[in-house]
Amino acid sequence: MKFMERLVLAHLRPLVCSSQDPLQFAYQPHVGVDDAIIYLLQKAYSSLDCPNTSVRVMFFDFSSAFNTIQPRLLKAKLENMQVGAPLVTWVDDYLTGRPQFVRLKNCVSDCLISNIGAPQGTVLSPFLFTTYTADFQYCTEMCHLQKFSDDTAIVGCVEGGREAEYRDLVDRFVKWCGENHLQLNVAKTREMVVDFRRNKTLPSPVSIGGTDVDMVDKYKYLAVTLDNKLDWYDNTEAIYKKGLSQLYFLRRLRSFNVCHRMLQMFYQSVVASTIFFAVVSWGAGIRTKDANRLNKLIKKAESVVGSQLVTVEEVVEERMLAKLLPTMATPSILHWTS
C-alpha cells in the first residue's frame with residue numbers, strides 16, 4: 001500500500017504545488033526544521049533592530065490534528081486546486097470507510113468504520129494535512145503565520161504598541177480552525193514576548209475562546225528551545241543533558257566489547273544526531289563557553305569511540321554550506337529563507 005501511496009504522492013504533489021503555503025516547512029523538498037527556525041528568528045531580529053519595537057510569538061497546539069481532517073472539506077479544497085476528479089475521488093475513498101478494531105491476544109473488539117481523519121504512519125497523510133491547511137496563508141512585513149505540519153506559529157512585530165494586526169491575525173486563524181474542524185488546545189498554546197526595550201511594559205494577554213493564553217519566557221519549538229532573550233543557553237543546556245545521558249549507553253555498549261564500527265554507528269545515529277539537531281539555526285549564535293561545553297561532550301565520546309570526531313564549529317560550517325549552496329541555486333527558497 002505504501003508503494004501505491006508513493007505513486008499517488010508523486011502524481012499529486014506537482015498538481016497542488018502552486019497552491020501550497022510557502023511558509024509550510026514540513027514535507028516539502030529542500031526545507032525543514034532549520035529553515036522554519038531561521039525564518040522566525042530572521043523576522044524577529046529584523047524587527048527588533050527598529051526602535052520602540054517588540055515581537056510577539058504565538059505557538060499554537062492542536063488536539064489530534066491529523067484525526068480531525070474532514071474528507072469532504074479536503075475534497076472541496078482539492079477541487080479548487082484544479083485536481084482531476086478521478087484523483088479527488090481516490091483520495092476521498094482512501095480517507096473514508098476505514099475499518100478499525102482492537103486486538104488483545106485472542107480477543108478482538110467490534111469493528112468500527114472511520115470516516116474522519118487521516119490514517120497514522122502512512123505516506124500520504126502528512127502531505128494531505130499540509131494540503132488541507134494550505135488555504136490559510138498570511139505574510140506581511142509586520143506579521144506572518146508559519147507552519148511545520150501542525151506546529152503553527154504566528155509572529156507579530158509590534159511597533160509603538162500597535163498590535164491590532166497581530167491580534168486580528170490570531171482571531172482570524174482561530175475562526176478558520178473552527179470552520180475547518182481543527183481543535184485548538186488553548187491550555188497548551190503559549191505566547192512568548194521578545195522585548196529588549198529598557199522601559200518595557202507587560203503586554204495584555206491574548207484571549208482565545210474566553211481563555212487567556214499563558215505567556216512564557218521560553219518555549220521548545222520543533223525540539224529547539226527558544227527564549228525571550230534570543231539566547232541559546234537553555235537550548236545548549238538541554239542538548240548537553242540529553243547528550244550526556246546517551247553517552248552512558250555508548251559507554252555501556254563498549255563494555256560489551258562491541259566493535260569499533262558499531263560504536264561509531266551508535267554515536268552518529270544517537271549521540272551526534274542529538275547534539276547537532278537543527279545546528280544550522282543555532283550553531284553560529286551560541287556563546288564560546290556553550291560551544292566549548294558541547295565540544296567537551298564530543299571529546300568524551302571520542303575517548304569511548306576511539307577515533308577523532310568533528311567539533312561543533314566544523315559541523316556548523318559544513319552544514320551551513322550544504323544549506324546555502326542549493327538555496328542560492330533555487331530562487332523560490334531563497335525568497336523565503338534568506
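These legends go with close-up views of a predicted model.

**View 1. Lys 147, a buried lysine in strand S6.** Lys 147 is part of strand S6, which covers residues 143–148. Look for the polar atom of its side chain that lies 2.8 Å from the backbone oxygen of Phe 136. Lys 147 also touches other residues from elsewhere in the sequence, among them Asp 21, Leu 23, Phe 25 and Thr 152.

**View 2. Arg 56 meets Glu 163 in a salt bridge.** Here the closest N and O atoms are 2.7 Å apart. The pair ties together distant parts of the chain, 107 residues apart: Arg 56 sits in strand S1, and Glu 163 in the loop between strand S7 and helix H6. So are these two buried or exposed? Arg 56 is buried at 1%, and Glu 163 is buried too, at 18%. Zoom out a bit and you'll find a network of salt bridges that links Arg 56, Glu 163, Arg 167 and Glu 191.

**View 3. Glu 237 and Arg 293 join helix H7 to helix H10.** Their salt bridge has its closest N and O atoms 2.4 Å apart, and the partners are 56 residues apart in the chain. Glu 237 is buried, at 18%, whereas Arg 293 is partly exposed, at 29%.

**View 4. Asp 231 pairs up with Arg 287.** This salt bridge spans 3.9 Å, N to O. Both residues sit in loops: Asp 231 between strand S13 and helix H7, Arg 287 between helix H9 and helix H10. Asp 231 is partly exposed at 26%, and so is Arg 287 at 35%.

Definitions and conventions. Residues are numbered from 1 along each chain as its sequence is written. This is a predicted model: local features need pLDDT of at least 70, side-chain atom pairs count only at pLDDT 80 or more; totals for chains, interfaces and linings use all residues. Side-chain values use heavy atoms; hydrogens and water are left out. Helices (H or I, at least four residues) and strands (E, at least two) are DSSP runs, numbered from the N terminus. Buried means under 20% relative accessible area, exposed over 50%, partly exposed in between (1.4 Å probe, protein chains only). A polar contact is a pair of N or O atoms within 3.5 Å; within protein, one must be able to donate a hydrogen and the other to accept it, and residues adjacent in sequence count only if both atoms are side-chain atoms. Contact means heavy atoms within 4.5 Å. A salt bridge is a side-chain nitrogen of Lys or Arg within 4 Å of a carboxyl oxygen of Asp or Glu. Lists of a residue's contacts leave out its neighbours within four places in sequence.
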